[in-house]
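Welcome! Here is a short tour for someone meeting this structure for the first time.

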Amino acid sequence: MKYIQKDIKNEPAELRDYRNKTPNASYKGYNDTIKDNDEDRHPLREALLKEQGYLCAYCMGRISVTERINGKPKVEVEHFKPQAKYPDLDLKYENLLGVCNGLSFTYPENKAVHHCDKTTGVNGKIQGNVELRKLDPRDKNCERLIKYNPGGEILSLNGDVDIEFDLNEVLNLNNTVLKKARKAVIDAAKELLLKRKPHQQWNKVYLKAELENWLSLNRNGQFKKYCMAAAWFIESLLAKPHYNK
Ligand SMILES: [Zn+2]
């Protein structure tokens, strides 16, 4: 999970105008697809993508309006506080997040797994009224409540049961597909470090520069997918006295 700095200034005029000018406006009635000559524009989804550096608000997987899955853009709009429980927030930009399609397939079994806002079961978000107990990507502190491990698992930093519940039950972020994806990023971060310097030469300046690299936007305004797992790995090296000098 990565902190998302929500800013009302990023709200597209199309959403604001719809909310302000339509009697009985509701999210269901808002159309985010606008024909612009030959191209379709999706002002809300585009605003959310930009605000989030093109990462899913929950799993940090890549989201995009140009990449498509079954003809649908690879980004969906999530109501952080569920619409069924908070009708007043239905059209509030602060409550809207860009998320992935919430469906991955294991390899080689090709078994479907649901995650992010598509989780199933009694605590699943697909129910429409389940909300996270403690985690909130709009809260700067969210990054400090969680940690990762070398196997790619995402965990509560202090074993907080509510946070574990959010990660595993509500969002299903420790499914095998996402765990593998995060492990691959952690392994890549290690490879990159080793490519330039043998580990005997790693020091604070070197590791901090690499950390900064993982936390920066590229020139297309995108964060690297699952970047916080790599950041955790480098921070865990920095916590060791022999590298932090
Ligand atoms: Zn996701």
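Helices here are DSSP runs (H or I, at least four residues), as are strands (E, at least two), numbered from the N terminus.

Which protein atoms are the donors of the zinc ion? They are the SG atoms of Cys56, Cys59, Cys100 and Cys116, lying 2.3 to 2.4 Å from the ion. Donors are N, O and S atoms within 2.8 Å of the metal (3.2 Å for Na, K and Ca), and water is not among the atoms, so sites may look incomplete. The 4 donor atoms subtend angles of 106 to 114 degrees, which makes the arrangement tetrahedral (four donors with all angles between 85 and 135 degrees).

## About the model

This is a predicted model, in which local features need pLDDT of at least 70 and side-chain atom pairs count only at pLDDT 80 or more, while totals for chains, interfaces and linings use all residues. Residues are numbered from 1 along each chain as its sequence is written, and side-chain values use heavy atoms, with hydrogens and water left out.

## Helices α5 and α6

Next, a pair of helices. The axes of α5 (residues 204-214) and α6 (residues 227-238) come within 9 Å and cross at roughly 165 degrees. That makes α5 roughly antiparallel to α6 (angles over 145 degrees count as such, and those under 35 as roughly parallel, 65 to 115 as roughly perpendicular and the rest as oblique). Axes are lines fitted to C-alpha atoms, for helices over the stretch in contact, with angles from 0 to 180 degrees between N-to-C directions.

Contact (heavy atoms within 4.5 Å) involves residues including Leu207, Leu211 and Trp214 of α5 and Ala230, Ile234 and Leu238 of α6. By class, the contact of α5 with α6 has 9 nonpolar, no polar and 4 charged residues. Nonpolar covers Ala, Val, Leu, Ile, Met, Phe, Trp, Tyr, Cys and Pro; charged covers Asp, Glu, Lys and Arg; the others, Gly among them, are polar.

The axes of α4 (residues 176-196) and α5 come within 12 Å and cross at roughly 135 degrees. That makes α4 oblique to α5.

With α6, the axis of α4 comes within 8 Å, crossing at roughly 50 degrees. This pair is oblique too. Among the α4 residues that meet α6 are Arg182, Ile186 and Leu193, and their α6 partners include Trp232 and Phe233. The contact of α4 with α6 divides into 10 nonpolar, no polar and 2 charged residues.

Notes
Tetrahedral: all angles 85-135°; square planar, octahedral: opposite > 155°, others 65-115°.
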